[in-house]
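Okay, thanks everyone, I'll keep this short.

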Amino acid sequence: SHERTFPGWAVVSEELTGIHGTLGKRLVTTLGGDQAPLKNLSVLLGSGRRVFVLSFTTGRGYFDRYAPVVERSLGTFRVFAEPVLDDAQRKAFQERYNAAIAHMAAGRRVEALAGFRACVALVPAFADLHRAIGGLCAELGREEEAVASYRRAVALDPDHADAHYNLGTLLLREEKAEEAVKALKKAVALEPEHERAWVNLGAAHVAREARAAARAALERGCLLAPDSGTIILAYSDIPDLP
């Protein structure tokens, strides 16, 4: 199919790949001749009769630099059970979702929150909706609702690193350091390159007066984000740190 779509492309490697238990196919292709050397990373994932194609094309230098990042991102790809909606419900969901996104872009948080809640009424098992609701509730100062929404998100999708990060960050803000550590540890286990999660994990350990653990987490954050002023501030809260 690559050759039909892109004349002159040649598949230089092809291998099976497993992402969250779903077996797919990873293709690397290149275009030579007088053209600039390009590569294409595609992952084909099958789920029943559906095939999902995720593709990344760029110059060779950028490809070699960013391919590992793209591979890690593809590792978060998940195929969920399709909700049972009729045509009218599908249309209503799409309209409400699009409107909520538009409200968010315009800074209308209350309206966006109402829109996402209307979406949840139609598709209650959509973890990203609960994460979005949690974020809006947090911004509106409705922290108990935000925590409940983040908890719902991670219950629906235990592999949602950002939902664990958001939950842990909010628990840290509420001075619930022990719970924050658990959530942030889960976030960094799922996404080891999440520098903000490492920084906040360090801050949570500071709150627990667990200095060795705080230092280890903050040093990991330093390696990932060496220019972060947040890490420096977190370090300053640790008395007598050698």
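So, the aromatics: Phe93, Tyr97 and Phe116 make up one aromatic cluster. Keep in mind that this is a predicted model. The count of aromatic pairs here comes to 2. Take phenylalanine 93 and tyrosine 97 to begin with: their ring centres sit 6.0 Å apart with the planes at 15°, so that pair is stacked, being under the 30 degrees that stacking requires. Both of these residues belong to helix α3, residues 87–105, and they are 4 residues apart, so to speak about one turn of the helix.

Then there's tyrosine 97 with phenylalanine 116. Here the centres are 5.9 Å apart and the planes are at 65°, so we call this one edge-to-face. What does that pair tie together? Tyrosine 97 is in α3 while phenylalanine 116 is in helix α4, residues 109–122, so the pair links parts that are 19 residues apart in sequence.

Tyrosine 97 comes out at 27%, so it counts as partly exposed.

Let's stay on α3 for a moment. The helix has 19 residues and runs 27 Å from its first C-alpha to its last, close to the 27 Å you'd expect at 1.5 Å a residue. Its buried residues include Ala92, Phe93 and Ala100. Those three cover an arc of only 100° around the axis, which puts them on the same side of α3. Over on the other side, Asp87, Lys91 and Ala105 are exposed. What covers the buried residues of α3? The cover includes α4 and α5.

As a general point, in soluble globular proteins nonpolar side chains tend to be buried together. In this model the largest nonpolar core has 35 residues, and the ones touching the most other members are Phe116, Leu129, Ile133, Ala146, Leu167 and Leu201.

The biggest giver is α8, with 6 residues.

One more from that list: isoleucine 133. Leaving aside neighbours within four places in sequence, isoleucine 133 is in contact with Leu113, Phe116, Arg117, Val120 and Ser149.

Further along is α10, residues 211–224. This helix has 14 residues and reaches 20 Å from first C-alpha to last, close to the 20 Å expected at 1.5 Å a residue. Ala214, Ala217, Leu218 and Gly221 are buried in α10. They span an arc of only 95° around the axis, which places them on the same side of the helix. Ala212 and Leu223, on the other side of α10, are exposed.

Last thing, confidence. The average pLDDT for the protein is 78, and 61% of the residues score at least 70. Over residues 231–242 the pLDDT is below 50, and that stretch has 21 contacts in the model beyond near neighbours in sequence. Okay, that's me done; happy to take questions.

Methods:
Residues are numbered from 1 along each chain as its sequence is written. This is a predicted model: local features need pLDDT of at least 70, side-chain atom pairs count only at pLDDT 80 or more; totals for chains, interfaces and linings use all residues. Side-chain values use heavy atoms; hydrogens and water are left out. pLDDT is the predictor's confidence in each residue, from 0 to 100. Contact means heavy atoms within 4.5 Å. Helices (H or I, at least four residues) and strands (E, at least two) are DSSP runs, numbered from the N terminus. The expected span of a helix is 1.5 Å times one less than its number of residues. Buried means under 20% relative accessible area, exposed over 50%, partly exposed in between (1.4 Å probe, protein chains only). The arc is that of the directions from the helix axis to the C-beta atoms. Rings of Phe, Tyr and Trp (its six-membered ring) pair if their centres lie within 6.5 Å; planes under 30 degrees apart count as stacked, over 60 as edge-to-face and the rest as tilted. A nonpolar core is a set of buried Ala, Val, Leu, Ile, Met, Phe, Trp, Tyr and Cys residues joined through side-chain atoms within 4.5 Å.
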